[in-house]
Amino acid sequence: MPEFTLPGFDLAKFIRETLAEDLGEGLPGGGRDVTSESVIPAEARFTGVMDSRDAIVVAGLPLAEAFFRHLDPECVIEPLVTDGDAVPAGTDLMRIEGSARALLTAERSALNIVQHLSGIATLTRAYVDAMRGGSATCTLLDTRKTIPGLRFLEKYATRQGGAQNHRMGLWDAAMIKDNHVAVAGSVGEAVRRARDAGVARIICEVDRLDQIEPALAAGAHHLLLDNMDLATLAEAVALVAGRVPTEASGGVNLQTIAAKAASGVDFISVGRLTQSAPAADIGLDFKPL
């Protein structure tokens with residue numbers, strides 16, 4: 001299996017479980033690719049090229065290779081580009097040669113993951129480029145709005161597109177939002193409770209200017225300025241005055257991100273990078289050898 005490591009992500013397990021789902025392992029009549037078995041001779045060999053029909057930022061090629069090698073360890077694979085590359089429409093991404101049955105069985109799983117991750121990376125790069133119209137230094141962040149089971153991969157894809165990962169999950173930072181504040185009674189009290197519990201990194205969401213000082217006084221390390229209009233956002237950045245990093249969220253799209261970045265915030269978070277990115281148009285055409 002090719003070298004592809006992400007902390008917390010089990011590549012071998014992901015490949016096995018994805019293929020098992022497609023093959024119907026454990027289901028009546030399952031555990032096989034009936035089309036390839038019935039149509040393709042066991043000894044047949046294929047060669048093929050994976051290519052992009054869109055201009056994309058590439059992500060997921062090592063995963064595609066892992067799918068093919070899982071079913072045909074002897075297959076020959078030549079990556080032609082690297083994850084993170086921005087390529088024009090019509091670019092060949094990978095050449096593959098091996099057992100026709102194995103390659104066809106792995107084809108859809110391999111394409112699905114490259115299409116999905118490249119779509120995320122491509123949309124992320126579009127947001128980074130748009131953001132540069134307002135700031136040369138603001139950093140784009142992703143969120144936890146990910147498909148269950150795919151978070152590590154989707155956040156890998158945003159990095160290929162030029163974003164920085166926000167929290168990976170509920171465990172690596174406190175994120176105090178309006179519902180936490182409602183229970184605690186105030187922003188200051190919520191932050192104090194997290195601080196007193198020994199939480200090393202406390203992010204606090206504020207949607208009003210009068211919440212900023214109580215959050216900072218209580219020990220917040222990072223302020224998320226939520227759903228503020230541009231004038232209020234700029235005023236909030238001025239009030240914080242560099243004491244902690246500031247992040248804009250809410251109402252961010254390709255048309256608004258430059259103006260939000262120009263407010264002086266350090267970060268902008270965008271949920272749609274992983275929540276709504278369209279799949280890239282990537283194909284794979286085989287021919288018999």
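Trainee: Quick one to start: how are α1 and α3 oriented to each other, roughly parallel or roughly perpendicular?
Mentor: In this predicted model, where local features need pLDDT of at least 70, side-chain atom pairs count only at pLDDT 80 or more, and totals for chains, interfaces and linings use all residues, α1 and α3 are roughly perpendicular to each other, a term for angles of 65 to 115 degrees, with under 35 called roughly parallel, over 145 roughly antiparallel and the rest oblique. Residues are numbered from 1 along each chain as its sequence is written, and side-chain values use heavy atoms, with hydrogens and water left out.

Trainee: What angle do α1 and α3 pack at, and how far apart are their axes?
Mentor: Helix α1 (residues 11–23) packs against α3 at an angle of about 65°, and their axes are 10 Å apart; axes here are lines fitted to C-alpha atoms, for helices over the stretch in contact, and angles run from 0 to 180 degrees between N-to-C directions. Helices (H or I, at least four residues) and strands (E, at least two) are DSSP runs, numbered from the N terminus.

Trainee: And which residues make that contact?
Mentor: From α1 they are Leu11, Phe14, Ile15, Arg16, Thr18 and Leu19, and from α3 they are Leu63, Ala66, Phe67, His70 and Leu71, where contact means heavy atoms within 4.5 Å.

Trainee: OK, switching to the sheet: what is the strand order?
Mentor: The order is β3-β5-β1-β12 in an open sheet of 4 strands with antiparallel pairing, and two strands pair if DSSP finds at least two bridges between them. The edge strands, each pairing on one side only, are β3 (76–79) and β12 (282–288), and the twist averages 15° from one strand to the next.

Trainee: How many bridges join β1 and β12?
Mentor: Strand β1 (residues 45–52) pairs with β12 in the antiparallel sense over 7 bridges, and phenylalanine 46 has proline 288 in β12 as its bridge partner.

Trainee: Which strands does α3 lie across?
Mentor: Helix α3 (residues 61–71) lies across β1, β3, β5 (92–99) and β12, and runs at about 10° to β5. Helix α4 (residues 100–131) also packs on the sheet, where it touches β1, β5 and β12, and its direction makes about 165° with that of β12.
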